[in-house]
Amino acid sequence: MTMEASRLSTAADPDLIRLARSSDRAAIEELYRRHSPSALRFARSLTDGVTADDLVAEAFARILEVMRDGGGPTVSFRAYLLAAVRNAYA
């Protein structure tokens, strides 16, 4: 069940999270597009730019894995992502 791309950009995070749990690629891409800039800024406050990119990628991949298993965020994807970046850094 995929939403049209134009509707994804205005969809609420809980809707995108629900779709991402079922491996909806467009929903996953929208979550990344929407929240990776904040995560990258946070990661750059912790370490250098190259490592920051790796931290964000690793954190996002971990979250997707957890979501596919039924866990992870249900409402606030950004807060969960920032915590995952912090944990990956630690």
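Visitor: How near do the axes of helix 3 and helix 5 come, and at what angle do they cross?
Guide: The axes of helix 3 and helix 5 (residues 77-89) come within 9 Å and cross at roughly 40 degrees. This is a predicted model. The crossing of these two helices is right-handed.

Visitor: Which residues make the contact between helix 3 and helix 5?
Guide: Helix 3 contributes Leu-31, Arg-34, His-35, Ser-38, Ala-39, Phe-42, Ala-43 and Leu-46. From helix 5 come Phe-77, Arg-78, Leu-81, Leu-82, Val-85, Arg-86 and Tyr-89. By class, the residues of this contact are ten nonpolar, two polar and three charged.

Visitor: How should I read the angle between helix 2 and helix 3?
Guide: Angles of 65 to 115 degrees count as roughly perpendicular and those over 145 as roughly antiparallel. The axes of helix 2 and helix 3 cross at roughly 135 degrees and come within 8 Å. Helix 2 is therefore oblique to helix 3. Their crossing is left-handed.

Visitor: Which residues does each helix bring to that contact?
Guide: On the side of helix 2 they are Asp-13, Leu-16, Ile-17, Leu-19 and Ala-20. On the side of helix 3 they are Ala-27, Ile-28, Glu-30, Leu-31, Arg-34 and His-35. The contact of helix 2 with helix 3 has seven nonpolar residues, one polar and three charged.

Visitor: Asp-13 is in that list; is Asp-13 buried or exposed?
Guide: A residue counts as buried under 20% relative accessible area. Asp-13 has 14% relative accessibility, so Asp-13 is buried. Its place is in helix 2 (residues 13-21).

Visitor: What does Asp-13 touch beyond its sequence neighbours?
Guide: Leaving aside residues up to four places away in sequence, Asp-13 touches Leu-31, Arg-34, His-35, Val-75 and Phe-77. With His-35 there is also a side-chain polar contact of 2.8 Å. For a view of sequence against space, take Asp-13 and Ser-76: they are 63 residues apart in sequence, and their C-alpha atoms are 7.0 Å apart.

Visitor: Why does Glu-30 count as buried?
Guide: The same test applies, with buried meaning under 20%. Glu-30 has a relative accessible area of 8%, and therefore counts as buried. Glu-30 is found in helix 3 (residues 25-46).

Visitor: Which side chain forms a polar contact with that of Glu-30, and which residues does Glu-30 touch?
Guide: The side chains of Glu-30 and Arg-33 are joined by a polar contact of 2.5 Å. Not counting residues up to four places away in sequence, Glu-30 touches Leu-8, Ser-9 and Leu-16. Leu-16 also belongs to the helix 2 side of the contact with helix 3.

Key. Residues numbered from 1 in each chain as written. Predicted model: local features only at pLDDT ≥ 70, side-chain atom pairs only at ≥ 80, totals over all residues. Heavy atoms only, no water. Helix = DSSP H or I, 4+ residues; strand = E, 2+ residues; numbered from the N terminus. Buried < 20%, exposed > 50% of the residue type's maximum accessible area, 1.4 Å probe, protein only. Contact = heavy atoms within 4.5 Å. Polar contact = N/O pair within 3.5 Å; in protein donor to acceptor, adjacent residues only side chain to side chain. Axes fitted to C-alpha atoms, helices over the stretch in contact; angles between N-to-C directions. Parallel < 35°, antiparallel > 145°, perpendicular 65-115°, else oblique. Left-handed = near helix turned anticlockwise from the far one by under 90°. Nonpolar A, V, L, I, M, F, W, Y, C, P; charged D, E, K, R; others polar.
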